[in-house]
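Trainee: Could we go through this model together before I set anything up? I'd like to start with what the burial labels stand for.
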Amino acid sequence: MPEIIVNDYPLRGKIVKLHVKRRRWTDKSSGGILQRDWHLVSKGTRMTQDFADFLKKLADTKALPLKVIAELFGVKGKTFQRQYKNKLSEYHIWEQKPYAEDWIIYPENLSDSLSLDEVALSDGELYTVLTSKKAKGKKGSILAIIKGTQSDFVIVHILKISRMQRMMVKEITLDMAGSMKLIAKRCFPNASLVIDRFHVQKLAIEALQEIRIKHRWEALEMENNAFEGASEEQIIKTKVFENGDSRKQLLARSRYLLYKSRRKWSESQSKRADILFREYPDLDKAYQLTDGLRDIYNQHITKSVAMTKLAHWFRNVEEADFKSFSTLRKTIMHHYKDILNYFDKRSTNVAAESFNAKIKNFRMQLRGVKDRAFFLFRLSQIFA
């Protein structure tokens with residue numbers, strides 16, 4: 001018979017092509033055809049069975065594009081993509097395939113501690129993601145991925161998990177979105193809700209940055225007014241501070257240092273901060289409020305002590321009289337109980353944020369998601 005060419009494991013970085021010649025025999029007495037079936041080639045491919053199984057295992061466990069996996073081992077990327085999707089993987093018999101674009105669910109991954117968050121899969125389309133902390137971002141992490149953030153739709157599908165299993169959940173970490181809170185309360189009535197500390201701190205930083213941005217626009221306007229009618233020599237002699245920053249540059253370059261604690265500033269950042277706070281005392285006061293909230297979270301204290309410290313922080317906010325921080329204070333008061341639950345076990349939503357980052361990184365490597373159902377199948381293979 002004509003020879004066939006089959007891909008096999010590379011040797012010392014060299015692509016290996018097996019040229020296989022087969023024979024058939026005719027039994028003269030009976031007229032029957034005899035041939036050996038070596039089971040050499042994986043069905044639907046031009047690869048040896050062992051090599052195809054090896055590539056499939058990589059695709060099922062690594063968050064890498066199929067094209068990248070294939071080309072690492074000398075196989076055409078587009079060819080392997082087609083072969084994996086249509087022949088090698090279980091995608092064509094995946095039981096959740098018919099409705100995967102709307103929801104997928106894995107009740108067997110339920111644990112007593114969960115994270116609830118949202119992530120954009122493609123074109124800004126949001127999905128609600130429920131993950132198990134027990135799996136630590138590895139296989140067994142995905143409990144449910146449901147299209148949209150509308151609480152009624154999400155609740156309907158999470159309720160497909162048996163009530164007995166859902167009653168076992170003891171803790172759920174989440175952000176301050178009302179829809180997420182409703183989902184958690186309706187689906188897991190026994191669970192303690194914990195507002196993620198980093199979402200609260202992020203709001204405080206945004207309140208601080210709002211004040212900085214306001215001053216930056218004022219500095220830009222001041223500079224523009226100074227330039228009107230000024231000579232070129234006068235423009236060159238624009239006032240600079242002792243670290244070499246102009247007023248506009250000072251406010252722009254202070255952005256990142258305001259995100260960090262004083263202890264993490266470099267020498268140049270400390271110098272810039274001294275000038276910034278000298279020129280803008282309100283920024284100094286706002287930074288102290290942000291740092292004060294961060295310190296409350298960083299201390300290993302009980303819930304009752306945290307309650308007292310937050311009360312003192314509220315008083316400082318009232319005395320400072322910043323509109324953005326007053327709004328933050330009201331927001332914290334509306335979620336007071338769930339924010340304080342953090343101090344019971346110091347649980348955060350880091351697991352969910354880390355898992356979301358893995359999804360985004362995977363999506364970025366793929367340069368967008370064309371087939372959402374297949375993308376969710378691969379996520380399930382790797383993380384569910």
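Mentor: Buried means under 20% relative accessible area, and exposed means over 50%; keep in mind throughout that this is a predicted model.

Trainee: Okay, so is serine 113 buried or exposed?

Mentor: Serine 113 has a relative accessible area of 16%, and because the cut-off for buried is under 20%, serine 113 counts as buried.

Trainee: Where does serine 113 sit, in terms of secondary structure?

Mentor: Serine 113 belongs to strand E6, which covers residues 113–122.

Trainee: And what is serine 113 in contact with, leaving aside its neighbours within four places in sequence?

Mentor: With those neighbours set aside, the contacts of serine 113 are Thr131, Ser132, Lys133, Lys134 and Glu171.

Trainee: Switching topic, why does arginine 23 count as exposed?

Mentor: Arginine 23 has 64% relative accessibility, so it counts as exposed, and arginine 23 lies in the loop between strand E2 (14–20) and strand E3 (24–26).

Trainee: How far is the C-alpha atom of arginine 23 from that of tyrosine 91?

Mentor: Those two C-alpha atoms are separated by 35 Å, with arginine 23 and tyrosine 91 lying 68 residues apart along the chain.

Trainee: Now the nonpolar side: which residues in the largest core touch the most other members?

Mentor: That core has 42 residues, and those touching the most other members are Val200, Leu276, Phe277, Leu283, Trp313, Phe325 and Phe343. Helix H11 (residues 281–298) gives the most to this core, contributing seven residues.

Trainee: What about a second core?

Mentor: There is a separate one of 37 residues, with Leu55, Leu121, Phe362 and Ala373 among them.

Methods
Residues numbered from 1 in each chain as written. Predicted model: local features only at pLDDT ≥ 70, side-chain atom pairs only at ≥ 80, totals over all residues. Heavy atoms only, no water. Helix = DSSP H or I, 4+ residues; strand = E, 2+ residues; numbered from the N terminus. Buried < 20%, exposed > 50% of the residue type's maximum accessible area, 1.4 Å probe, protein only. Contact = heavy atoms within 4.5 Å. Core = buried A, V, L, I, M, F, W, Y, C linked by side-chain atoms within 4.5 Å.
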